[in-house]
Amino acid sequence: SLYVFNKEGEIIETIGLNKNPDFEIENNDWEDITNDNEYLFVADTGNNFGNRDNLNIIRINKGADFIVDGIIEISYSDQESFFPRPKHKYDAEAIIVIEDKIALFSKDRENLNTDLYLVNKTPNEQQILISKFNYKVGSLITGGDYDEDSNLLALVSYSSKGDQYLIIFENFELNSLENNTFKKFKIPLDQAQIEAVKIIDEKTFWVTSEDEGIGSPFMYKIEVK
């Protein structure tokens, strides 16, 4: 289900995802969500221990009563072992739509960097992902958003010490990934694990924190000075 809520945190609408007999969906580990004019894309890409071989992105048709109309299956080109382990580079939580692609940012539990992968929107045969660029963010990426009017890309992340961060790429260019630079801001929140971000404007953002047993879930409005 999709939940629509107001700024007071009250749920004002619940939208059920209409199942399609042609596509069997399962919530293995749903993470981020993004959209374009036609579709919603839900990332079933959580992979805490690096042992999943069924990673996928679910495509939902907004104009057809939110029916699931495709499964985009993905895998990493350089993953050879699926043995469970705590530190690896094959987890990903943040997705955004940018131009005609879905951008997937990895949650590298081993090196604390993030690899950018580009995924075609059209479901077809399994897509083998190759890193397009590696950004040395120094933390674990959990969510992202992109504003096409300002070319602003925002990511959120946390460290092993429990610090929370907002990472901003100004004038992000897909055709010049090596020239993109970012600014990293510590979010002054304790007892939190930031999982999603939404751009309000170039200085203001919504972020959400999940429970994880360390505090109540909240949505925060934050401003960059």
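This is a predicted model: local features need pLDDT of at least 70, side-chain atom pairs count only at pLDDT 80 or more; totals for chains, interfaces and linings use all residues.
Colleague: Lysine 89 and aspartate 115: buried or exposed?
Modeller: Lysine 89 is buried, and aspartate 115 is buried too. Buried means under 20% relative accessible area, exposed over 50%, partly exposed in between (1.4 Å probe, protein chains only). Residues are numbered from 1 along each chain as its sequence is written, and side-chain values use heavy atoms, with hydrogens and water left out.

Colleague: What does lysine 89 form with aspartate 115?
Modeller: A salt bridge, with the closest N and O atoms 3.8 Å apart. The term means a side-chain nitrogen of Lys or Arg within 4 Å of a carboxyl oxygen of Asp or Glu. Lysine 89 sits in the loop between strand E6 (67-76) and strand E7 (92-98), and aspartate 115 in strand E9, so the pair ties together parts 26 residues apart in sequence. Strands are DSSP runs of at least two residues (E), and helices of at least four (H or I), numbered from the N terminus.

Colleague: Which residues are linked in a network with Lys89?
Modeller: Asp78 and Asp115, through salt bridges.

Colleague: How many salt bridges does the count come to?
Modeller: Eleven. One of them joins lysine 121 to aspartate 36, closest N and O atoms 3.0 Å apart. Lysine 121 is in the loop between E9 (114-120) and E10 (127-129), aspartate 36 in the loop between E3 (33-35) and E4 (39-44), so this pair connects parts 85 residues apart in sequence. Lysine 121 is buried at 18% relative accessible area. Aspartate 36 is buried at 15%.

Colleague: What about arginine 109, which residue does it bridge to?
Modeller: Aspartate 91, at 2.9 Å between the closest N and O atoms. They are 18 residues apart. Aspartate 91 is buried, with 0% relative accessible area.

Colleague: Switching to the sheet. What is the strand order?
Modeller: E3-E4-E5-E6-E10, an open sheet of five strands with mixed pairing. Two strands pair if DSSP finds at least two bridges between them. E3 and E10 are the edges, each with a single partner strand, so one side of each has no neighbour in the sheet.

Colleague: How many bridges join E4 to E5?
Modeller: Six, and the two strands run antiparallel. Leucine 40, for instance, has isoleucine 60 in E5 as its bridge partner.
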